[in-house]
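The following exercise is meant for careful reading alongside a structure viewer. Please study the molecule before turning to the questions.

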Amino acid sequence: MSMGNNVFSLKTFGFQGFSKKRFVYAEGIYLYDDEGERYLDFHTGNGVAFLGHRNKYVVDKLKNQLDKIMVLGSSYSCEIRDEALGLLKTISPRELTYIAFLNSGSEAVEFALKIFFRKNTDGKILAFKNAFHGRTLGALSVTGNHLYRKHFPTLENTVFLPYNDIEALEQMDFSEIQGIILEVIQGEGGVNPGSKEFFRYIQKVVDENDLLLIVDEIQTGFGRTGSTWAYSDTGLKPDILLAGKSIGGGFPVSIVFAREDLGGVLQAWEHGSTFGGNPMAMAAVSGAIQAFHNDNVVERALVKGKLFFKRIEEDLVDKGLVREVKGKGLMIGLKTRLKSEKILSCLLEKGILALKAGVNVVRLLPPYIINEEDIGLFVKSFRACME
Ligand SMILES: *Cc1c(COP(=O)(O)O)cnc(C)c1O
């Protein structure tokens, strides 16, 4: 039987649609297609390969684990899970002493929502317009994009307000709300950072009304913005912190960090995950955290992010090719006059992968190993695409 790539008896759903490019190899910041062309990867699989493709710490841990144990029910412990827990302690916020291992960002959001509703049976949760928290029905219920939601049944116990709008918060009756879920920088929604004043007001209402605060750092976390957690300089005090995307160094893992007193809210039989915390995922997390420390990932993301913003300001914003540059560290949004798709396909032709965010924002999520030359090449290519 031929297994050649001309046999397409099965089709994928549109959301996993085929682009014309076929990739065969990846290393560091580069992807290679089947014609041997090399691409700079600022897409990194939606920000997952922040540590670079096939980071050596992650690959070594995974290879080593393959020879030991791949599968183990989550109620049994194993060496690699203990190792992952030990390493996670070095990056987890001190107050957040409970951990759940899951597989995707959406599942982490679902778990946080279950804790919230278990504590507040008929509770209402506040989320924000343009927020993105995932595609499963619970996570979709707090995702603030009408297009994604409109044809599906979603939880009714949600309230949406515009992000960064303090007046709207002031007018809100918080006696009706028991929790808040937010991103520190809205990723999908357009790379919109929350303002200092906004976060200060959020924490104030959280304190005054004893609300449960869920901070979704699935995209911003693990060094992406030039700090271990993006919330750390906002004054926010999350009760639950969510990580995903890059925290497994390329392997599908998500992690829920929760405050001590939330550890007993769900009974053991009230949640479960077949693959959650599996040995391979634990190996990947261990390798990712080793890389995180040994390679000074936070510092490098901070320095390279500053350099990248400076070059964009000077060569693209000041020249009128970009209206606004948004974000922090290596989470960058370029707002232009054009539809992002047009720019993205032009960039791809020039050997650069990036993402979109909102309608007219090109989003860049490069790995921390990005250097000055990569930045220069991007700026030059972007300029050519806009002219
Ligand atoms: C990607 C993302 C999610 C969903 O993660 P999946 O792994 O796709 O389920 C949730 N929240 C934020 C902020 C994200 O960026």
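The questions and answers below concern a predicted model.

Q: Which residues surround the ligand, and into which classes do the residues of the shell divide?
A: The residues around the ligand include Ser104, Gly105, Ser106, Phe132, His133 and Gly134. Among them are also Glu183, Asp216, Ile218, Gln219 and Lys245. By class, the residues of this shell divide into two nonpolar, six polar and three charged.

Q: How much of the accessible area that the ligand has on its own does the protein cover?
A: Glutamine 219 has a polar side-chain atom 2.8 Å from an oxygen atom of the ligand. On its own, the ligand has 390 Å² of accessible area, and the share of this that the protein covers is 81%.

Q: How many salt bridges does the structure hold?
A: Side chains of opposite charge can pair when their charged atoms come close. One of the salt bridges joins arginine 259 and aspartate 261, with the closest N and O atoms 2.5 Å apart. The number of salt bridges in the structure is 13.

Q: How many residues apart in sequence are the parts that lysine 237 and aspartate 207 tie together?
A: Lysine 237 and aspartate 207 form a salt bridge, in which the closest N and O atoms are 4.0 Å apart. Lysine 237 belongs to the loop between β10 (212-216) and β11 (240-243), whereas aspartate 207 belongs to helix α8 (residues 196-209). The pair therefore ties together parts whose separation in sequence is 30 residues.

Q: Is lysine 237 buried or exposed?
A: Aspartate 207 has a relative accessibility of 48% and so counts as partly exposed. A residue is exposed when its relative accessible area is over 50%. Lysine 237 has a relative accessible area of 52%, so this residue is exposed.

Q: Which helices do aspartate 315 and arginine 383 tie together?
A: Aspartate 315 and arginine 383 form a salt bridge, and their closest N and O atoms are 3.9 Å apart. The two residues are 68 residues apart in sequence, and each lies in a helix. Aspartate 315 is in residues 297-317 and arginine 383 in residues 372-386, so the helices tied together are α10 and α12.

Q: Is aspartate 315 buried or exposed?
A: Arginine 383 is partly exposed, since its relative accessible area is 28%. The term buried applies under 20% relative accessible area. Aspartate 315 has 13% relative accessibility, so this residue counts as buried.

Q: Which residues are linked in a network of salt bridges with Arg259?
A: Arginine 259 is partly exposed, with a relative accessible area of 25%. Aspartate 261 is partly exposed as well, at 45%. The residues linked with Arg259 in the network are Asp239 and Asp261.

Q: What is the accessible area that Leu66, Met70 and Val71 have together?
A: Methionine 70 lies in the loop between α2 (56-66) and α3 (79-88). Because its relative accessibility is 46%, methionine 70 counts as partly exposed. Leu66, Met70 and Val71 form a nonpolar patch on the surface, and their accessible area together is about 320 Å².

Q: What is the phi of threonine 44?
A: Threonine 44 is in helix α1 (residues 44-47), and it is buried, with a relative accessible area of 1%. Although threonine 44 is not a glycine, its phi is positive, at about 45°.

Q: Where does asparagine 164 lie?
A: Asparagine 164 is a residue other than glycine with a positive phi, near 65°. Its relative accessible area is 30%, so asparagine 164 is partly exposed. Its place is the loop between β6 (158-161) and α7 (166-171).

Q: What distance separates the C-alpha atoms of glutamate 107 and isoleucine 255?
A: Glutamate 107 lies in helix α4 (residues 105-119). Along the chain, glutamate 107 and isoleucine 255 are 148 residues apart.

Conventions: Residues numbered from 1 in each chain as written. Predicted model: local features only at pLDDT ≥ 70, side-chain atom pairs only at ≥ 80, totals over all residues. Heavy atoms only, no water. Patch = residues over 30% accessible without salt bridge, like charges linked within 9 Å, V, L, I, M, F, W, Y side chains within 5 Å. Areas by Shrake-Rupley, 256 points an atom, 1.4 Å probe, with all protein chains shown as cover. Salt bridge = Lys/Arg side-chain N within 4 Å of Asp/Glu carboxyl O. Helix = DSSP H or I, 4+ residues; strand = E, 2+ residues; numbered from the N terminus. Buried < 20%, exposed > 50% of the residue type's maximum accessible area, 1.4 Å probe, protein only. Near = heavy atom within 4 Å. Polar contact = N/O pair within 3.5 Å; in protein donor to acceptor, adjacent residues only side chain to side chain. Nonpolar A, V, L, I, M, F, W, Y, C, P; charged D, E, K, R; others polar.
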